[in-house]
Amino acid sequence: MGLSKDQIAQRIAQELRDGWYVNLGIGIPTLVANHIPQGINVEFQSENGILGMGPFPFEGEEDADLINAGKQTITAMPGASFFSSELSFAMIRGQHVQLTVLGAMEVSDNGDIANWKIPGRMVKGMGGAMDLVASAENIIVAMQHTNRAGESKLLTNCSLPLTGVQCVKKIVTDLAVLEVDPDQGFVLLERAPGVTIDEIQSKTAGRLVAEGDIPEMQL
Amino acid sequence: MPTTNYISKVVPDATAALEGLEDNMTVMFGGFGLCGIPENSIAAIREKGTTGITCISNNAGIDDFGLGLLLHTRQIKKMIASYVGENDEFERQMLSGELEVELIPQGTLAERCRAAGAGVPAFYTPAGYGTEVAEGKEVRVFHDKPHILEYAFEAPFAFVKAWKGDKSGNLIFKGTARNFNPMMAMAGKITVAEVEELVEVGELDPNSIHIPGIFVQRIFQGVDYEKRIEQRTVRGKSE
């Protein structure tokens, strides 16, 4: 039994460090904000132009002029700031944001990521994802280990159009925590509770390195 | 010293602000999703019936609001954007080939606007290297990392929306409705700003101006703002 989406977010939240500015993508990454560890102060950046993004507003307090990059109504924390798109991406490309968490359709074992287009079926656009993955020093991908058809999303080569090359550092799925080593492939760091190495191996199409005892995640 | 010496940018309304807008022009529209979009100008362009528009805008609106209104009337020939979800009519026109679409990374979109307004003809960015966005583009390595060459946009018209503005075109934005509006104001040869509150010169604190009036050619008091919310998300009182 693998992790729920919320548990994936919970595990990723353990990677947060005090003083970091963090950009969270749409979907599972957004949930990371609900699990900030005790004693850790971070600020969330949303690329449409806010630092210090807060939780959803109380009903009746929604403001059309205050949204996140997913176009959801949000609030601003004390100390928040607003800025233009150009300045927002100066923060991102200029590596002032310490961590980027985003979803993916596919990741390859050298760190390539595909998450913006399925030719002939889904073309929504890359939004800010290409800027984020091209510049961020620390990128964590949050996703399911397999797609709806049960096929591995951790591949030798991505089959979908790429968002960025050799950029993903870490992946947290419903089954495992993996580090991407461009030379070795997916290095298995942790297993979801009750999930075996064999199961992870069978659902990982790219190169997988599983050496020694692989601990279970602590949630 | 004269006390009323300023350059007035005021036009009576959205219709008057469109003077010189012809078919087949490239036009910028500020906004992110439906947040901070120039609602009045979009409605006036629909009314005027201008066609063959090449739109530069981060998004394409939704089916019945924002730029979606100009898609329905087939006034848009080409869309240059970073993200175009949430719009069935857009998807239909794109897949059928009626609408040309160029998708570019959001930061590159912003910087191509800024560069246009700042007199920088082109720049290198790492965004999109190794992807289909980089196809046919010059690549240069800086600090051991490949970057691709991107050019400044050229836009005869830019339509932006601000919270407050004065009669000389100084603008102040609110919340995340700022987004693409400032750099599109910089980029437009003719920038039209519509504002929720148009005030007299001198009423805005110079320390608080986000975009100086030099970047704005026309300004008008907007009316009947809907300011629709795309994704209404709330939390319970107990959280």
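These entries record what I looked up on aromatic rings, charges over rings and cavities in a predicted model.

**Conventions.** I number residues from 1 along each chain as its sequence is written, and chains are lettered from A in the order in which they are written. As the model is predicted, I keep local features at pLDDT of at least 70 and side-chain atom pairs at pLDDT 80 or more, while totals for chains, interfaces and linings use all residues, and side-chain values use heavy atoms, with hydrogens and water left out.

**Aromatic pairs.** I looked for rings of Phe, Tyr and Trp (its six-membered ring) with centres within 6.5 Å, calling planes under 30 degrees apart stacked, over 60 edge-to-face and the rest tilted. The count over all chains is three aromatic pairs. I noted B:Phe29 and B:Phe159 as stacked, because their ring centres are 5.6 Å apart and their planes stand at 20°. This pair links distant parts of the chain, 130 residues apart, with B:Phe29 in strand S1 (residues 26–29) and B:Phe159 in strand S8 (residues 155–166) of chain B; strands here are DSSP runs (E, at least two residues), numbered from the N terminus.

I then checked burial, where buried means under 20% relative accessible area with a 1.4 Å probe and protein chains only. B:Phe29 counts as buried at 1% relative accessibility, and B:Phe159 counts as buried at 0%. B:Phe159 also forms a stacked pair with B:Phe157, at 5.7 Å centre to centre and 10° between the planes, and B:Phe157 is in turn buried at 1% relative accessibility.

**Charges over rings.** My test asks for NZ of Lys or CZ of Arg within 6 Å of the ring centre and within 35 degrees of the ring normal. I found the charged end of B:Lys161 over the ring of B:Tyr225, 5.0 Å from its centre, and B:Arg235 over the face of A:Phe58, at 4.0 Å from the ring centre.

**Cavities.** A cavity is a set of points on a 1 Å grid over the protein atoms alone where a 1.4 Å probe fits but cannot get out, and its lining residues have an atom within 4 Å of a point. I listed four cavities of 30 Å³ or more. The largest cavity holds about 70 Å³ of space and is lined by 14 residues, with B:Gly33, B:Ile37, B:Ser57, B:Asn59 and B:Leu67 nearest its centre. The second largest cavity has a volume of about 60 Å³, and its lining residues include A:Ala64, A:Asp65, B:Ile37 and B:Lys161.

Conventions
Helix = DSSP H or I, 4+ residues; strand = E, 2+ residues; numbered from the N terminus. Buried < 20%, exposed > 50% of the residue type's maximum accessible area, 1.4 Å probe, protein only. 1 Å grid on protein atoms, 1.4 Å probe; cavity = no way out; pocket = protein on both sides within 12 Å on 5 of 7 lines; lining within 4 Å. Points joined across faces, edges and corners; volume = space filled by probe spheres on them.
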